[in-house]
Structures are given as C-alpha cells and as structure tokens.
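Please take a moment with the sequence and the model before reading on. The paragraphs that follow lead through them step by step.

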Amino acid sequence: MAGFNPLAALRSPRETLDGYIILPRLIDKVRVQARGELPAAYQRNLLHRGGTLDGRFLAFTGLEGEALRAVILSCETDEPVAQWVAQHAARHSADEKQRWAAEVEGYRPTGRVLLYLQSTVPELAAQIDCALVSLLDLIDMDEGRLAVPARGGSQVLIAIVGLGAAVTTYCLMRFPHMRRERFRHYGAFSIALSVLGALAVLLFCLALLILQNAWRVG
C-alpha cells in the first residue's frame, strides 16, 4: 500500500503492555486495518492462530482473535484493552510472561517459515542471512528500527586476520631477528619451509571460513 510507513504506524513486537510483548503491535495493526491502511502482507496473519506472532500471543493467552479485535476497536486507548486482557486471558505470573517473551525473542525461523519470510522481505534477505536472525530482529530491521549488519563482515575479518597471520608466520620463520630473543637461536628456516608455514596458517583460516559457511547453511 503506497505511503504506508510501518515505523510510524506500528510499534515494535518487543514493546509490552501489561507484561505482554506483541500486544501493543497487535493493537496497532487492528486499528490501522480498520482505517483501511494496513497492507495485505500485514493482514495475512492478523489474529490468526498458528506459528505467527499473533498466533503465539493467542495461544499463550487463550484469547479468541475476533473477541480481542472487537475490544480493541471499542477502546480509544491501550489501557482498557490491557484491562480486558487481564480479565479474560489465562492467568500468568510476571515471571511466566518474561519466560514466554524470552522464548519468542529467541525464535529463529526455519524451513517453510524461513522461505516465506525471505520471499516477503527480499531486499533484507539479500543483505543478511535470515536464518541467523531472530524473527523479532527481522521485523525491526525490515521496518527500520534496527540497523542491518553488513553481510559477510565476519568472513572478511577472518580473511584479513588470516592473511596477516600468514605473512607474520613467513617473516618469523625466515628472519630470526624478528622473533623474540629466546627463539632467535633456531636460525632462519628455508624459503620453502617458511612458505609452507604461511600456507598452513592460510589453510587453517580457509577451514574456518568453510565451517562458518556450513554452519550458516545448516
């Protein structure tokens, strides 16, 4: 929907109301939809049960989506909604709410959910590995609340450190005067051995890069 600004229209899923994450954002989505301003991508899972954020909130509270929608639309502010939720939701202590919030915050999408998210945020998916980011982070990055980290930054760092370590290894093996005093008596290694030492360091760093990439894919 042209002109829709989620950063202005919707709160972060991390914001809380009466100890519940997701609820303030859910209230925003219902109100924006009622005004006819909510894009289809946001309406698809609104107040639906299942693995979505809305579904997780409904499952945790035991509330019915349409009943909650009616209450939200009948209230001008958040406080009456919070009072209604407190009266009708399954009883949970503050600690239980915090543990549930931590579980939701740590959730990283996989499988079909991951593929679906990647298709809905293609520009973000081109910049980061969505499998390594929590769902809440993905939402906040997509809507502009969180900075998007540079993709492959850690791999570049490993490559730079590996190259520097290989050069250092060659110099230390080839030129005794560059070593600490107690190691200088070993003398200079041949060029061939010095190159092999540097290559061993490079191969180790290459193995780290391969393992890191395999972990990301897995």
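Predicted model: local features only at pLDDT ≥ 70, side-chain atom pairs only at ≥ 80, totals over all residues.

The sulfur of cysteine 205 lies 16 Å from the closest cysteine sulfur, that of cysteine 171, which is too far for a bond. A disulfide is a covalent bond between the sulfur atoms of two cysteines, and the cut-off applied here asks for sulfur atoms within 2.5 Å. By this rule the count of disulfides is zero. Cysteine 205 is buried, with a relative accessible area of 12%, and cysteine 171 also counts as buried, at 19% relative accessibility, since the limit for that class is under 20%.

From the cysteines we can turn to the helices. Two packed helices are described by the angle between their axes and the distance between the axes. Helix α2, which covers residues 23-34, packs against helix α6, residues 78-88, at an angle of about 120°, and the two axes are 11 Å apart. That angle makes α2 oblique to α6, and the crossing of the two helices is right-handed. On the side of α2 the contact is made by Leu23, Ile27 and Arg31, while α6 contributes Asp78, Val81 and Val85. Sorted by class, this contact of α2 with α6 holds four nonpolar residues and two charged ones, with no polar residue.

A second pair is formed by helix α4, residues 53-61, and helix α7, residues 94-105, which pack at an angle of about 155° with their axes 12 Å apart. Because angles over 145 degrees count as roughly antiparallel, α4 is described as roughly antiparallel to α7. The crossing in which α4 passes α7 is right-handed. Leu53, Arg56, Phe57 and Phe60 are the residues of α4 that meet Glu96, Lys97, Trp100 and Val104 of α7. By class, the contact of α4 with α7 is made up of five nonpolar and three charged residues, and no polar residue takes part.

After α4 comes glycine 62, whose phi is positive, near 75°.

The buried residues of α10 are Leu135, Leu136, Asp137, Leu138, Ile139, Asp140 and Met141, and they pack against α2, α4, α7, α8 (111-120) and α9 (122-125). Just after α10, glycine 144 takes a positive phi of about 90°.

Which residues have a positive phi although they are not glycines? One of them is isoleucine 22, with a phi of about 80°, placed in the loop between β2 (20-21) and α2. Isoleucine 22 is buried, with a relative accessible area of 1%. Another is leucine 47, whose positive phi is about 60° and which is found in the loop between α3 (40-43) and α4. Leucine 47 is buried too, with a relative accessible area of 7%.

Leucine 38 is found in the loop between α2 and α3, and at 1% relative accessibility leucine 38 counts as buried. In sequence, leucine 38 and proline 6 are 32 residues apart, and in space their C-alpha atoms are 9.2 Å apart.

How values were computed. Residues numbered from 1 in each chain as written. Heavy atoms only, no water. Axes fitted to C-alpha atoms, helices over the stretch in contact; angles between N-to-C directions. Helix = DSSP H or I, 4+ residues; strand = E, 2+ residues; numbered from the N terminus. Parallel < 35°, antiparallel > 145°, perpendicular 65-115°, else oblique. Left-handed = near helix turned anticlockwise from the far one by under 90°. Contact = heavy atoms within 4.5 Å. Nonpolar A, V, L, I, M, F, W, Y, C, P; charged D, E, K, R; others polar. Buried < 20%, exposed > 50% of the residue type's maximum accessible area, 1.4 Å probe, protein only.
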